[in-house]
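Here is a brief report on one structure. Please look at the model first, then read on.

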Amino acid sequence: MPDESSPHKPQVDHGFLARISFIAALGGVLYGYDMGIIAAAIIFVRHSFNLSTRMEEWVVSIVLVGAMIGALVGGAVSDRIGRRATLVWAGIIFIVGSVVAPLSPNVTVLIVARFIIGLGIGFTSVTAPVYVSELAPPQSRGMLIGLYQLALTIGIALADLVGYWLATREAWRLMFAIAAVPTVFFLAIILAVPESPRWLFAHSREQDAEKVLLSYTDVAGAKQFLADIREGLKTQMEQSWAALWTPAVRPFVFIAAGMTVLQQVTGINTIIYYGPQIFEMAGISSHSNSILATFVVAVVNVIGTIVGISLVDRVGRKPLLYFGVGGMTIALFALAYSFNHQVALGSSLGVVAIGCLVLYIACFAFSLGAIAWILVSEVFPLRVRGRGVAIATLFSGISNFIVSQTFLSLIEGVGTAWTFAIFGILSIVCLIFVWLVVPETRARELESISTRKAGFSVPAP
């Protein structure tokens with residue numbers, strides 16, 4: 001006979017969870033495509049509208065302003081109307097931006113369209129990881145949340161492939177317009193997924209929550225999950241942003257915001273937004289070839305993310321972060337050294353740059369890329385989770401905006417070598433942050449993570 005004193009291990013329909021996670025992660029494809037397509041498009045947009053360096057940086061980075069506002073609004077909307085309904089609104093916003101961008105008669109309209117797309121990105125980046133985290137069992141939660149990041153990298157790779165395909169025609173309008181196709185698909189299928197059972201329970205819809213749970217686990221498992229949710233909701237859902245600054249929640253804000261800021265300031269989106277231009281600085285003169293090199297880097301990003309999400313629940317969050325960020329640091333300093341010896345390297349600099357960026361993106365993909373948003377969606381108590389993820393997304397957007405707004409100007413000011421050396425120094429800061437602050441969350445219930453003391457002394461379980 002089984003030991004009745006031992007906790008019941010819920011029987012989970014992993015096929016159902018994988019489908020739900022895949023559907024939610026399609027938002028990541030939209031995110032990735034709309035963020036990635038600017039790398040190829042901006043080459044031709046700047047010629048079409050005769051853009052200055054400063055205006056070029058605004059066309060690239062305005063989407064991040066929209067994403068920051070979308071994150072703040074989306075977090076509150078997600079807590080109020082539900083995770084699924086918020087994803088539907090994100091799809092509608094994406095469609096509007098994807099239609100306006102290719103029709104832009106001037107740079108002002110294009111900037112407005114990119115801002116609208118940013119709003120959709122903010123809604124999606126806040127809601128999709130939370131949605132998946134609240135459906136997933138603890139033993140596979142990291143992998144399932146990581147599917148969102150994987151979808152994002154696939155979206156970036158698709159954007160680079162489309163950019164390469166259309167580069168010879170300089171068809172930047174068509175590059176933007178293609179985003180409408182997966183957006184319509186996303187909006188259609190998101191209507192078929194259920195609401196988060198944790199959100200339903202928190203809004204006094206216990207029967208609906210149980211019905212969703214029973215669609216992918218057994219009766220005993222549903223009761224156990226409901227008991228865990230009930231324990232996590234002993235305090236009511238907070239409707240105020242001030243709740244994030246209470247002593248009980250503030251440490252988790254520090255962890256989540258710190259991870260998202262460090263994810264950005266270590267340089268990832270300089271490659272996503274300006275990859276072709278970086279390769280042109282390294283001596284690859286053809287627009288098509290520089291976009292193709294960026295596509296190669298994007299494919300490595302996809303592969304690295306697959307490795308990361310397959311290992312995150314077996315190896316743990318912190319070991320992958322140590323190894324990956326360490327590799328990023330080496331790659332960035334090697335790239336800085338190469339640009340500093342550009343004359344000596346001559347025509348081989350392009351090959352060296354590709355090698356360094358491939359190493360960098362591979363290490364980023366299985367560590368910071370895959371894990372930062374997993375941690376963000378895990379660490380907050382349920383009662384403030386929507387707003388907590390929103391504030392982390394806001395910090396991510398602010399740091400991303402600063403990096404993308406200053407990258408070209410920084411290169412003009414201090415040079416390419418010193419620019420990448422700065423990113424390398426910030427990667428060392430990231431390693432220290434992971435060592436001192438970040439907790440290990442592998443295989444732990446969401447409710448147990450946020451009830452444990454967070455901060456500088458958090459040990460791995």
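## A buried tyrosine

Tyr31 has 15% relative accessibility and therefore counts as buried (under 20% relative accessible area; over 50% is exposed, in between partly exposed; 1.4 Å probe, protein chains only). Tyr31 lies in helix H1, residues 14–48. Helices here are DSSP runs of H or I, at least four residues, numbered from the N terminus.

The model is predicted: local features need pLDDT of at least 70, side-chain atom pairs count only at pLDDT 80 or more, and totals for chains, interfaces and linings use all residues. Residues are numbered from 1 along each chain as its sequence is written, and side-chain values use heavy atoms, without hydrogens and water.

Tyr31 contacts (heavy atoms within 4.5 Å) Phe94, Ile121, Ser125, Tyr148 and Leu152, leaving aside neighbours within four places in sequence. Tyr31 and Ser125 are 94 residues apart along the chain, yet their C-alpha atoms are 7.9 Å apart.

## Helix H4 against H17

Ser125 also takes part in another contact. In H4, Ser125, Val126, Val130, Ser133 and Glu134 meet Arg385, Gly386, Val389, Ala390 and Thr393 of H17.

## The nonpolar core

The largest nonpolar core has 147 residues. Such a core is a set of buried Ala, Val, Leu, Ile, Met, Phe, Trp, Tyr and Cys residues joined through side-chain atoms within 4.5 Å. Met175, Phe176, Met259 and Phe420 touch the most other members. Helix H16 (residues 349–379) gives the largest share, 18 residues.

Phe420 touches Ile278, Leu332, Leu335, Ala336, Phe339 and Phe407, not counting residues up to four places away in sequence.

Terms used: Helix = DSSP H or I, 4+ residues; strand = E, 2+ residues; numbered from the N terminus.
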